[in-house]
Amino acid sequence: MADKPSSPIVVENPWERLNAFTDARIGLGRAGVSLPTNKLLAFQLAHAQAQDAVHCPLEVETLAKALTEALDLSKAPLRLHSYAQDRAMYLQRPDYGRRLNDETREYLQQAAESQQRYDLAVVVVDGLSALAVQQNSAPFLSALYQMLNSDAADWTLAPLTLVEQGRVAIGDEIGALLNADAVLVMIGERPGLSSPDSLGLYMTWAPEPGLKDDRRNCISNVRPAGLQVEEAARRFFLLLKEARQLKLSGVQLKDRSEDDVLEGDSASGSTRNFLVAD
Amino acid sequence: MAQTYYTTVGSRSYRFASLAELMAKATPPRSGDRLAGVMAESAEERVVAQMVLAELPLTTFLNEALIPYEEDEITRLIMDDHDAAAFAPISHLTVGDFRNWLLSDHATSEVLAEVKAGITPEMAAAVSKLMRNQDLILVAKKCQVTTAFRNTIGLPGRLSTRLQPNHPTDDVTGIAASILDGLLYGSGDAVIGINPATDNVAQSVKLMRLMDDVIQKYQIPTQSCVLTHVTNTLEAIEQGAPVDLVFQSIGGTEATNRSFGFDLSTLAEAEAAAQSLNRGTVGRNVMYFETGQGSSLSADAHHGLDQQTCEARAYAVARKFNPLLVNTVVGFIGPEYLFDGKEITRAGLEDHFCGKLLGVPMGCDVCYTNHAEADQNDMDNLLTLLGVAGCNFIMGIPGSDDIMLNYQTTSFHDALYARRVLGLKAAPEFERWLEEMQIFQDISTHRLNDQLPAAFANSLRHLPKEPSHGG
């Protein structure tokens, strides 16, 4: 029988229990300086699943029904489609994903003929993760609608819209066609290995086609294991109110939703952690 | 001033309507140029464009601006800051001769350092289009760019890493856990840099304090950075926050940068503000820039240029403000701009070459997204090639998985692989610290300590019993 080597082939990391505090792949251990086989294969599986998620289509019918029920809508959401016909085209032509196809543009124009102005248009877009939209849009909008309804000020909402094969900027065209002062785009973010279900929120004041990113504010990573829907709705609502007051959005409108939290804390308390505990 | 270029190959004649078109068509194929409609229409047209480009004198780029001087402050920066004396030794060359000269034994590291102020981004981009991958590696290796703040980055035989402990809700314990993991794998000499989950000033200040506390407690010879908008960092400085480096994403046209919400005067203000804090111990490079091919097209601000030429122009912005680190985030933008592993690899080598040739302390975020045709093997290849090329720094993230930005980049393990196979070391000040802290059993062979170093074992005793949830 061969002697046991003095040092194990795979060296475990004694700080592995820190895994309880983050989804990051820490404490993986090592074979030499390389990944142990089981950790390598776990990564490969996650990557395979994320690649598959990119190609999973939005179940529009199901989502429309779920939103109508959850939000107690009198009319079903309007179903729209970008100029990108399918996923393959969507991935290679971002410009197509930023505008409506002719058919649904006409449909939206007819729906918006009343010339009524709205305070906010909400646009739900599949983006790169239909799963994110499918799972998180109803809970988030329930929380947001509740805040809007109980606010002292009046908020008039444009008809809710659902977009297939869309990108963030498609909200600008939709918001403009609906005569909305502000637009909220809820979109599936690029799927990560640990988060195939992450929703992004983009707000633009005075939407019109052709606006650049510096006119938008973003709240990212809305999902059960990330930013909770209630907190996301609270932050978004603060942004929206500030945008309405200042009549602008983007870089000039800083997200100040955390300012109170920090000032309420003691100077060092907010950054306390085990690394600097003593 | 605009000139049309004609040539004939066999029985076919080719016409390139402008210098911009010639540059674009000479570019190795990539999806972003196809999206912009500027790519060569055939493989033959591409090589013909390269042949025409090879005959152009370098001075062409001083006489003909790709984006008009009046319209674009980056063009004005390039033209106004051009150093004619530094350019003199290469002023007689064509683009093709320039490639030969760069590869020749005349172009030593010392000579390249002397001429860099005479090279414009367009000259660098043009010559790169004629170069094979091995040319890009060989010349980049000769160009050494060294910078310093609390340690020295870019010395020959060194490969530094940015420790990137991102967390989707900026949870302080979660971030601290990733920092610990990284430090114990020898990562973090380029910077400990966090992308905050939400872009706001208070959150950024909180993260700056968190990293400053860690750096001070363990006396780590490195620097921290929160990758928030430059105007947020300026506000943080006014509030008295511990700012080491100022971050900003930059592009190669004025309109790109405007879409990012800043201009050159903002960067000048930021550099001065950060330098006024005097927080560096061995140097005064206080800026950290990120770039990446495709950002100008993405912002609809590319003026008909190919994406690699736009990218090279971003390095003119970078070098104006004496950065500690410049990082091309090569595969982050997605398959619309760089479709697969082959295109990402080529772009990474081009960016590193152009940056170094222009005197920029170039690193690379060797990365890809889940909607690109790329995988870990592509990243292994690019990492190895860049290690050979003398890249200043790469990213380091737990297990390659950025759980906040949702993409894959190089891991702590990957950096140790590269250091081990290529015989590279961390920044000298940081390397000494790794040894003193007993993180390595034998740093010369990159052999990590199997035991938990004493200082960190003590910290782990302060771990809370229950995970804290939320931010």
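1. Two strands pair here if DSSP finds at least two bridges between them. The model is predicted. On that criterion, six strands of chain A form an open sheet with mixed pairing. Their order is β3-β5-β4-β6-β7-β8.

2. Which strands stand at the edges? They are β3 (78–81) and β8 (216–222) of chain A. Each has a single partner strand, so one side of each is left without a neighbour in the sheet. From one strand to the next, the twist averages 20°.

3. Look next at one pairing inside the sheet. Strand β4 (residues 118–125) and strand β5 (residues 161–164) of chain A run parallel. Three bridges join them. V124(A) has L162(A), in β5(A), as its bridge partner.

4. Helix α6 (residues 130–150) of chain A packs on this sheet. The strands touched by α6 are β4, β6 (180–188), β7 (199–205) and β8 of chain A. The direction of α6 makes about 135° with that of β6(A).

5. Helix α8 (residues 229–246) of chain A also packs on the sheet, touching β4, β6, β7 and β8 of chain A. The direction of α8 makes about 10° with that of β7(A).

6. Now the contact between the chains. Chain A gives 62 residues and chain B gives 61. On the side of chain B that touches chain A, the elements giving two or more residues are α2 (31–36), α11 (172–184), α12 (201–217), α20 (412–422) and α22 (454–460) of chain B.

7. What is the make-up of that side of chain B? Its residues divide into 25 nonpolar, 25 polar and 11 charged.

Definitions and conventions
Residues numbered from 1 in each chain as written. Chains lettered and ligands numbered in written order. Predicted model: local features only at pLDDT ≥ 70, side-chain atom pairs only at ≥ 80, totals over all residues. Helix = DSSP H or I, 4+ residues; strand = E, 2+ residues; numbered from the N terminus. Axes fitted to C-alpha atoms, helices over the stretch in contact; angles between N-to-C directions. Contact = placed C-beta atoms within 7 Å. Nonpolar A, V, L, I, M, F, W, Y, C, P; charged D, E, K, R; others polar.
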